[in-house]
Amino acid sequence: MLTRRRRRRRWTSTTTTAPTVQYLDLTGLSILERLVLEEYVYQTQTQCNWVLIGTHGLQSTLEESSPWSLASSFLHSSRDAAIVLGIGGKIPELLYTKPVQDDQIPVIRRFSGGGTVLMNGDCIWTTLMGRDFPTRPFYPRPLMEYTATHFFHPLFTRLQSYQQLKQQQSNDHHSSTTITTDNLFSLREHDYVWDKDSKIAGNAQSIGKTGWLHHTSFLWQIPSGMSRYLRLPAKRPEYRASRPHEDFVRALSQIFPHLTVDDFRRAFRETSQTVYSVESSCVLSELQEEYLLPVVVPEGGLRQWYQTKSRTKVMTQF
Amino acid sequence: MASVSFLTRTVARRSFDSVARMSRVTHLGGARFSSYFTPAHEYVKVDGKIGTCGITDFAQAALGDIVFVDLPEVGDEFAKGESFGSVESVKAASDVYAPVSGTVVEVNEILSDEPGMVNSEAEGKAWFVKIEMKDEAELKSLMNADAYKTHCEEEAH
């Protein structure tokens with residue numbers, strides 16, 4: 001339950017007004033904490049729609065005493081990165097296990113479907129959780145189309161406008177880089193792509209009777225080691241053919257060379273405010289003050305929930 | 001979502017035909033077989049106190065290629081409407097809910113190696129679990145074949 005700022009409102013699926021959402025910027029959580037907190041919100045905070053964003057590494061900025069901390073589950077690695085699999089991912093089929101073990105890369109199985117991603121602080125992670133959004137029924141393809149059309153295409157239009165403005169401000173007329181002014185974002189098969197051919201994000205969903213969750217990882221920079229750790233998946237989209245990871249995915253910093261991660265976060269927040277009615281907005285420091293989502297404390301904290309109810313697991317045997 | 005509507009109408013018709021075959025009430029040594037359906041597209045085929053549960057043909061078509069099925073273990077207990085597992089299709093993990101309360105007495109192990117069977121045999125060989133029902137009266141709140149057919153057609157529009 002939210003605190004006094006929350007207004008109780010009953011939504012029906014026929015509503016034509018913008019859905020009300022709660023907005024969280026969780027930058028500062030570790031990769032594992034982000035996954036588990038997101039799963040917790042999805043499973044338990046079913047009275048609200050949610051919009052989440054963040055960038056995450058292996059370490060957390062939370063105090064170990066925080067009810068949101070998974071400090072005892074901190075993952076250690078020679079690199080500030082982790083591999084995150086979908087719920088059905090089979091490690092021998094998806095990973096080169098020896099380099100993963102040699103480099104001590106943590107492997108985490110998440111609660112949602114979808115593919116494999118090498119996560120580090122250069123990934124921007126966004127999540128939409130819909131309880132009563134104007135899209136029915138709750139099936140994968142309609143949800144992909146809804147998120148692409150109603151949220152992410154407008155987001156990329158906004159990013160293009162930021163890029164143009166910054167380019168004008170920099171008086172960068174002599175740049176040899178041709179920066180397109182067109183929004184080339186689209187949905188192809190099950191991927192968000194740029195210019196029809198380059199994948200720019202990984203998507204995954206979890207669907208249940210209380211609603212749906214759609215999370216997306218955008219690569220601001222391509223992390224090194226993708227082809228070292230990640231096999232070419234057997235099931236892949238037709239348009240990919242047999243391209244290796246580095247030739248198939250495209251970093252947002254290449255598309256928006258004048259922008260920063262903070263520009264993306266600002267555009268995401270502004271798009272949320274345009275597409276939805278943002279009822280409350282919170283960053284990690286406010287979460288630590290137990291301003292929102294206080295119910296996790298009676299449950300023994302996020303650590304207890306992770307150990308007893310979460311489907312998210314750190315894989316130690318492979 | 002014209003393509004989705006066409007797909008769901010086609011699947012609704014195919015699902016109904018399959019259901020009509022399953023829904024016949026037969027007598028075999030005193031046992032009765034009947035099928036019931038949930039709004040979330042799970043089915044339970046009743047044989048005495050045992051209910052064979054899975055997802056319908058309508059559901060598998062809407063989900064797409066099934067790549068993974070997460071099932072409980074024998075001995076696990078579930079209340080009606082409680083999630084007992086999930087199916088993964090391309091990008092989505094979709095929860096599956098118990099149509100009736102009871103204890104799992106058998107799990108379809110084939111699906112761990114052949115999850116794609118759900119796409120071709122959803123209401124046949126690709127059942128998920130068999131449950132020893134705790135309260136057969138719960139069946140009264142589920143849909144029969146006719147009601148389920150109507151439900152699918154309404155969802156398609």
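**A loop residue, then an interface**

Tutor: Start with Glu123(B), which sits in the loop between α4 (117–121) and β10 (129–133) of chain B. The model is a predicted one.

Student: Is Glu123(B) buried or exposed?

Tutor: Glu123(B) has a relative accessible area of 8%, and because the cut-off for buried is under 20%, Glu123(B) counts as buried.

Student: Which backbone atom does the side chain of Glu123(B) reach?

Tutor: The side chain comes to 2.7 Å from the backbone nitrogen of Asp57(B).

Student: Now the interface. How is its size stated?

Tutor: The accessible area lost when the parts come together is often used to give the size of an interface. Here chain B and chain A bury about 2000 Å² between them, with 55% of it on carbon and sulfur atoms. In contact are 24 residues of chain B and 24 residues of chain A.

Student: How many salt bridges and polar contacts cross the interface of chain B and chain A?

Tutor: The rule finds two salt bridges. One of them joins Asp191(A) to Lys91(B), where the closest N and O atoms are 3.6 Å apart.

Student: Which elements of chain B each supply at least two residues of the side that touches chain A?

Tutor: They are α2 (57–63), β5 (66–70), β7 (83–89) and β8 (92–97). By kind, the residues on that side of chain B are eleven nonpolar, eight polar and five charged.

Student: In which sense do β9 of chain A and β8(B) pair?

Tutor: Strand β9 (residues 198–208) of chain A pairs with β8(B) in the parallel sense, over three bridges. Gln205(A) has Ala92(B) as its bridge partner in β8(B).

Conventions. Residues are numbered from 1 along each chain as its sequence is written. Chains are lettered from A and ligands numbered from 1 in the order in which they are written. This is a predicted model: local features need pLDDT of at least 70, side-chain atom pairs count only at pLDDT 80 or more; totals for chains, interfaces and linings use all residues. Side-chain values use heavy atoms; hydrogens and water are left out. Contact means heavy atoms within 4.5 Å. Buried area is the accessible area (1.4 Å probe) that two parts lose on being put together, summed over both. A salt bridge is a side-chain nitrogen of Lys or Arg within 4 Å of a carboxyl oxygen of Asp or Glu. Helices (H or I, at least four residues) and strands (E, at least two) are DSSP runs, numbered from the N terminus. Ala, Val, Leu, Ile, Met, Phe, Trp, Tyr, Cys and Pro count as nonpolar, Asp, Glu, Lys and Arg as charged, and the others, Gly among them, as polar. Two strands pair if DSSP finds at least two bridges between them. Buried means under 20% relative accessible area, exposed over 50%, partly exposed in between (1.4 Å probe, protein chains only). A polar contact is a pair of N or O atoms within 3.5 Å; within protein, one must be able to donate a hydrogen and the other to accept it, and residues adjacent in sequence count only if both atoms are side-chain atoms.
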